[in-house]
Amino acid sequence: MERSEIERLIKAAIPDAVIEITALADDGDHWAASVKSETFRGKSRVQQHQMVNKAFGERLGGELHALALTTIAL
């Protein structure tokens, strides 16, 4: 999956997100994402990650093999 598609999907689910994406390998399958959003405020880290993961639906684990997440409430 392309970096721009990852960002687009996260932004569609979490419009105020500030996103930084880093390739963990040169294979287009392994990425790290830092996602900052006001919508994370008051939510546990697990809930924050679930919000981001939901943006990918069935693509996570398939088209997008691995995504290491860091989430931060603004």
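Biologist: What is the mean pLDDT of the protein chain?

Modeller: This is a predicted model, and the mean pLDDT of its protein chain is 93, with 100% of the residues reaching 70 or more.

Biologist: Which residues have the most contacts inside the largest nonpolar core?

Modeller: In soluble globular proteins, nonpolar side chains tend to be buried together. Here the largest nonpolar core comprises 18 residues, and Ile6, Ile10, Val35, Val52, Phe56, Leu64 and Leu67 have the most contacts inside it. At least two residues of this core come from each of helix H1 (3-13) and strands E1 (18-23), E2 (30-37) and E3 (66-73). Leaving aside neighbours within four places in sequence, Ile6 contacts Met1, Ile21, Trp31, Phe56 and Leu64.

Biologist: Do E1 and E2 run parallel or antiparallel?

Modeller: E1 and E2 are antiparallel and are joined by six bridges. Thr22 stands opposite Ala32 of E2. The two strands form a hairpin with six residues between them, and Gly28 in the turn has a positive phi of about 75°.

Biologist: Why does Thr71 count as buried?

Modeller: Thr71, in strand E3, counts as buried because its relative accessibility is 1%, and the cut-off is under 20%.

Biologist: Which side chain makes a polar contact with that of Thr71?

Modeller: The side chain of His49 does so, at 3.3 Å. Not counting residues up to four places away in sequence, Thr71 also touches Val35, Phe40, Arg45, Gln48 and Val52, among others.

Terms used: Residues numbered from 1 in each chain as written. Predicted model: local features only at pLDDT ≥ 70, side-chain atom pairs only at ≥ 80, totals over all residues. Heavy atoms only, no water. Core = buried A, V, L, I, M, F, W, Y, C linked by side-chain atoms within 4.5 Å. Buried < 20%, exposed > 50% of the residue type's maximum accessible area, 1.4 Å probe, protein only. Helix = DSSP H or I, 4+ residues; strand = E, 2+ residues; numbered from the N terminus. Contact = heavy atoms within 4.5 Å. pLDDT = per-residue confidence, 0-100. Pairing = 2+ DSSP bridges. Polar contact = N/O pair within 3.5 Å; in protein donor to acceptor, adjacent residues only side chain to side chain.
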